[in-house]
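Morning, everyone. I have one model to walk through today. Let me put it on the screen.

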Amino acid sequence: MLNHFSFVSPTKMEFGLGAVSKLPEMISKLGAKKVLLVTDPGVAQAGVLKKVTDQIENKVEYAVFDRVASDPSTDNIQEIYEMAKAQGTECFVAIGGGSAIDASKGASCLMTNEGPLRAYGGVNKVPHKGMPLIAIPTTAGTGSEFTLFAVLSDLKENIKFTISSANIAPDVALCDPELTLTLPPKMTAATGFDALTHAVESYTSRIATPVTDILCLET
């Protein structure tokens, strides 16, 4: 007998070579005029950030936060949030791997929900939709650009916690394979195995569904 299941996917995905060129269009559709680009030093140094800014130069007012830590903490996210508030940000654009995207999810949450972030740890505890978020992944590993989850750290209590809510999912994911080309070979392999591991874990899960099985088998 077929078991009951739910499948939620609020994120619009654009996939293909040159998909990043759709960024101005996506920002416009979200009704934003001021955006905050969120990334980490490695992505900036690799030249990927410039490939993104080239798309919106003289089209959209933007600022850049390029200090996302490899394991984003609530303190790190508070910095992003405060910069976004000061800049009058209307949309976040996360550029990078899971760290940049999860940090942006946290900041997006704070823009429309009273803190602290720890209050939203768990499942479906975020009451209001976060500020619009566009995710531009630069690795094939985490899948954070398309999920409802953010894995964050609280340095004061030395713990990790997960927020799971459709209200923090990116509005748009621009998946451009060309942006992964500057990733070192070792990291390319590691993130590829990361994606494979996610697929195997999901496929063998006791709560797998026909929809998730199809996605896993095609990974």
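When I say contact, I mean heavy atoms within 4.5 Å. Keep in mind that this is a predicted model.

Start with K125. Its place is in the loop between β5 and β6, with β6 covering 133-137. Leaving aside neighbours within four places in sequence, K125 is in contact with A119, Y120 and S164. There is a polar contact too. A polar atom of the K125 side chain lies 3.2 Å from the backbone oxygen of G121.

Most residues other than glycine have a negative phi. N124 counts as exposed, at 62% relative accessibility.

Now the sheet. It is open, has three strands, and runs in the order β5-β8-β7 with mixed pairing. Why is one side of β5 and of β7 left without a neighbour in the sheet? Because β5, residues 122-123, and β7 stand at the edges, and each has a single partner strand. Strands of a sheet pair through backbone hydrogen bonds, either parallel or antiparallel.

β7 covers residues 149-154 and β8 covers 159-164. They run antiparallel, joined by six bridges. V151 stands opposite T162 in β8. The two strands make a hairpin with four residues between them. N158 lies in that loop. N158 is exposed, with a relative accessible area of 69%.

D102 is found in helix α5, residues 98-112. Its side chain reaches the backbone nitrogen of V151 at 3.1 Å. Not counting residues up to four places away in sequence, D102 touches S144, F149, A150, V151 and L152. Is D102 buried or exposed? D102 is buried, because its relative accessible area is 9% and the cut-off is under 20%.

Follow the chain out of α5. P116 lies in the loop between α5 and β5. The peptide bond from G115 to P116 is cis, with omega near 0 degrees. Most peptide bonds are trans.

Two more stops. T53 lies in helix α3, residues 48-56. T53 is buried, with a relative accessible area of 9%. Leaving aside neighbours within four places in sequence, T53 is in contact with L37 and Y62.

Last, the surface. Which residues form a nonpolar patch there? They are F5, F7 and L215, with about 270 Å² of accessible area together. L215 is found in helix α7, residues 210-218.

To recap, keep two links in view. One is the side chain of D102 reaching the backbone nitrogen of V151.

Technical notes
Residues numbered from 1 in each chain as written. Predicted model: local features only at pLDDT ≥ 70, side-chain atom pairs only at ≥ 80, totals over all residues. Heavy atoms only, no water. Buried < 20%, exposed > 50% of the residue type's maximum accessible area, 1.4 Å probe, protein only. Polar contact = N/O pair within 3.5 Å; in protein donor to acceptor, adjacent residues only side chain to side chain. Patch = residues over 30% accessible without salt bridge, like charges linked within 9 Å, V, L, I, M, F, W, Y side chains within 5 Å. Areas by Shrake-Rupley, 256 points an atom, 1.4 Å probe, with all protein chains shown as cover. Salt bridge = Lys/Arg side-chain N within 4 Å of Asp/Glu carboxyl O. Pairing = 2+ DSSP bridges.
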